[in-house]
Amino acid sequence: VWDLKMSFKPVSLAIIFTIAFLTGAPTKAEVSQEAELDLALRLAVLLQSARAVIGAEQALINDPAIGDKGLTGKEVLARATKAFVEKTGAPPLSDGMDAREADLISALMASITEVMDANAASINREGIAFKGFVPAVFGRLVNETFLSTAGDRAEIKVTAPMSLVRNRKSRPDAWEDQVITEYLLSPEWQKGAVYSSLTETGDREAFRVMVPEYYTEGCLACHGSPAGEVDVTGYPKEGGALGDLGGVISITLYP
């Protein structure tokens, strides 16, 4: 169990986590898991940064009077990269990364670009207001694209407590559901703490990380009150409150 802090250091993302149970010098296994966590968190922060761009530009995306919105894959990736640097103190790709880490980060960056460019015609269509290109949809498409190119090495998924899942593709698997239920939703769980574990997925060993995400003011337009009222996407609102657990970035890394 790791405690997420937002004061990132440029040397290593894993430095921002405190291993509550660790005393004395770390073992080789602990060092290895810390490196895996570092990589998982870089992927999570990059995805969050790109989704934030889409969230911030919803008014522009849904403006029926504007054609070319300028939200090309190159532009969104540049803005996401800038936000990543502001959060972590270092760029997503840097000298000194091993080949596997650089390859997976590059795959996610390429996926962000590909999804934006593939949806440009819809985003830029005049005469239509709501495009349905919300952060959740963008994130799912990016993760699916990433899976198609890097799925034998890593998987990224945005899931949520079962009662909040709107798209069946985002339903938690058995392991994710257990972690959400027993840990992330527990009153004793420290808000913002990240869960990580070395486990098995199918017949493969995997290092899995669950990064909780909580409702902000921007989320409540679709997920807040009154419960049952249909939101702009056509789904009934869940009645969530500011700070409630609303989603989880689930990352699986294969050795």
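Select residues 99-118, helix H4: at 1.5 Å a residue, its 20 residues should span 28 Å, and its end C-alpha atoms are 28 Å apart, which agrees. The expected span is 1.5 Å times one less than the number of residues. Helices here are DSSP runs of H or I with at least four residues, strands are E runs of at least two, and both are numbered from the N terminus.

This is a predicted model: local features need pLDDT of at least 70, side-chain atom pairs count only at pLDDT 80 or more, and totals for chains, interfaces and linings use all residues. Residues are numbered from 1 along each chain as its sequence is written, and side-chain values use heavy atoms, with hydrogens and water left out.

**The whole chain**

Zoom out. The chain has 8 helices and 5 strands. Along the sequence they follow the pattern β-α-α-α-α-α-α-β-α-β-β-α-β. Of the 255 residues, 45% count as buried. Buried means under 20% relative accessible area, exposed over 50%, and partly exposed in between, with a 1.4 Å probe and protein chains only. Now consider contacts, meaning heavy atoms within 4.5 Å. Among those between residues at least 6 apart in sequence, 65% join residues at least 24 apart.

**Back to H4**

Which residues of H4 are buried? Select Glu 101, Leu 104, Ile 105, Ala 107, Leu 108, Met 109, Ser 111, Ile 112, Val 115 and Met 116. An α-helix has 3.6 residues a turn, so residues three or four places apart point the same way.

Go to the start of H4. Here a side-chain oxygen of Asp 98 comes within 3.2 Å of the backbone nitrogen of Arg 100.

**H4 against H6**

The crossing of H4 and H6 is right-handed. A crossing is right-handed if the near helix is turned clockwise from the far one by less than a right angle, and left-handed if anticlockwise. On the H4 side, the contact residues include Leu 104, Leu 108, Ser 111 and Val 115. On the H6 side, they include Phe 138, Leu 141, Thr 145 and Phe 146.

Stay in H6 and pick Asn 143. Is Asn 143 buried or exposed? At 6% relative accessibility, Asn 143 counts as buried. Leaving out residues up to four places away in sequence, Asn 143 touches Leu 47, Ile 156, Lys 157 and Val 158.

**H4 against H3**

Gly 73, Lys 74, Val 76, Leu 77 and Thr 81 of H3 meet Met 109, Ile 112, Thr 113, Met 116 and Asp 117 of H4.

**On to H5**

Select Ile 123 in helix H5, residues 120-123. Ile 123 is buried, with a relative accessible area of 2%. Which residues does Ile 123 contact, beyond its neighbours within four places in sequence? They are Ile 61, Lys 69, Met 116, Lys 131 and Phe 133. Lys 69 is 54 residues from Ile 123 along the chain, yet their C-alpha atoms are separated by 7.4 Å.

**Gln 48 in H1**

Next, find Gln 48 in helix H1, residues 28-56. Draw a line from its C-alpha to that of Gly 139: 8.5 Å, for residues 91 apart along the chain. Gln 48 touches Lys 87, Val 211, Glu 213 and Ile 249, not counting residues up to four places away in sequence. Its side chain also joins that of Glu 213 in a polar contact of 2.9 Å. A polar contact is a pair of N or O atoms within 3.5 Å; within protein, one must be able to donate a hydrogen and the other to accept it, and residues adjacent in sequence count only if both atoms are side-chain atoms.

**Last stops**

Move to Ala 193 in strand S3, residues 193-201. Ala 193 counts as buried, at 3% relative accessibility. Ala 193 and Val 211 are 18 residues apart in sequence and 7.6 Å apart in space, C-alpha to C-alpha.

Finish at Pro 226, in the loop between helix H8 (220-223) and strand S5 (245-253). The peptide bond from Ser 225 to Pro 226 is cis, with omega near 0°.
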